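Let's take a friendly walk through a protein structure, one step at a time. Have the sequence and the 3D view ready, and follow along as you read.

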Amino acid sequence: MTLEEPLDWLHDARLTAVEVAWASATARVIIEVDTAAARAGSLPVAGTLPSGAERRPSDQVGTLLIECEGVERVVIPHEQPWGPSDYVNAARVTSEPSGLRIGMSSGDEIEIRARSVTLNREQLGRAVLTRA
């Protein structure tokens with residue numbers, strides 16, 4: 001994955017939380033993601049079905065953790081100009097400035113400016129994006 005590449009497979013994923021640790025200048029974004037959408041985003045999936053469950057791959061939900069280090073700025077508006085929603089409309093890692101932008105279906109845009117952004121979930125794989 002290269003910088004500035006949109007994370008299209010996060011469309012309609014559910015944002016669970018944004019956590020900021022002031023002292024360590026880190027932020028964590030927690031997103032519930034459909035494993036079939038992750039598969040379409042070219043990340044390897046080693047998904048398992050819950051015991052006894054018969055579900056299609058698109059019904060499998062996992063948690064994607066996005067970790068940001070060297071955080072310089074965090075903007076999390078919750079004005080909801082398009083109405084309430086906790087679903088991602090669009091997301092991308094940026095290089096100028098370096099960081100993460102998440103457009104919500106509510107019309108709000110979350111911005112985290114950071115030295116590095118890491119997408120991390122054991123079953124989805126790991127990709128590290130670092131400022132050049």
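A residue is called buried when its relative accessible area is under 20%, exposed when it is over 50%, and partly exposed in between, as judged with a 1.4 Å probe and protein chains only. Please keep in mind that this is a predicted model, in which local features need pLDDT of at least 70, side-chain atom pairs count only at pLDDT 80 or more, and totals for chains, interfaces and linings use all residues. Residues are numbered from 1 along each chain as its sequence is written, and side-chain values use heavy atoms, with hydrogens and water left out.

Let's begin with the overall plan. Helices (H or I, at least four residues) and strands (E, at least two) are DSSP runs, numbered from the N terminus. Of the 132 residues in the chain, 36% are buried.

In the segment before β1 (14-21) you will find Asp12, whose phi is near 70°, a positive value in a residue other than glycine. Two strands are said to pair if DSSP finds at least two bridges between them. As background, strands of a sheet pair through backbone hydrogen bonds, either parallel or antiparallel. β1 and β2 pair in the antiparallel sense over seven bridges, and within this pairing Ala17 stands opposite Ile30 in β2.

Look next at the turn that links these two strands. Their hairpin has four residues between the strands, and Ala25 takes a positive phi near 55° there. Ala25 lies in the loop between β1 and β2 (26-34). Is Ala25 buried or partly exposed? Ala25 counts as partly exposed because its relative accessibility is 27%.

Strand β3 (residues 61-69) runs antiparallel to β2, and nine bridges join the two.

Four strands form an open sheet in the order β4-β7-β6-β5, with antiparallel pairing. Its edge strands are β4 (73-75) and β5, each of which pairs on one side only. On average, neighbouring strands of this sheet are turned by 10° against each other, direction ignored; the axes are lines fitted to C-alpha atoms, for helices over the stretch in contact, and angles run from 0 to 180 degrees between N-to-C directions.

Let's zoom in on β5 and β6. Strand β5 (residues 88-95) pairs with β6 in the antiparallel sense over seven bridges. Val93 stands opposite Leu100 in β6, while Ala90 has Gly103 in β6 as its bridge partner. A hairpin through two residues joins β5 to β6. Pro97 has its place in the loop between these strands, and a cis peptide bond with omega of about -5° joins Glu96 and Pro97.

Ser98 lies in strand β6 (residues 98-104). Ser98 counts as buried because its relative accessibility is 8%. The side chain of Ser98 reaches the backbone oxygen of Ala114 at 2.7 Å. A polar contact is a pair of N or O atoms within 3.5 Å; within protein, one must be able to donate a hydrogen and the other to accept it, and residues adjacent in sequence count only if both atoms are side-chain atoms.

Val117 lies in strand β8 (residues 116-121). With a relative accessibility of 1%, Val117 counts as buried. How far apart are Val117 and Ile66 in sequence and in space? They are 51 residues apart in sequence and 6.8 Å apart in space, C-alpha to C-alpha.

Our last stop is the largest pocket. On a 1 Å grid over the protein atoms alone, a pocket is an open set of points where a 1.4 Å probe fits, with protein on both sides within 12 Å along at least five of seven lines, and lining residues have an atom within 4 Å of a point. The largest pocket holds about 160 Å³ of space. Among the residues that line it are Leu15, His78, Asp86 and Met104.

Conventions: Points joined across faces, edges and corners; volume = space filled by probe spheres on them.
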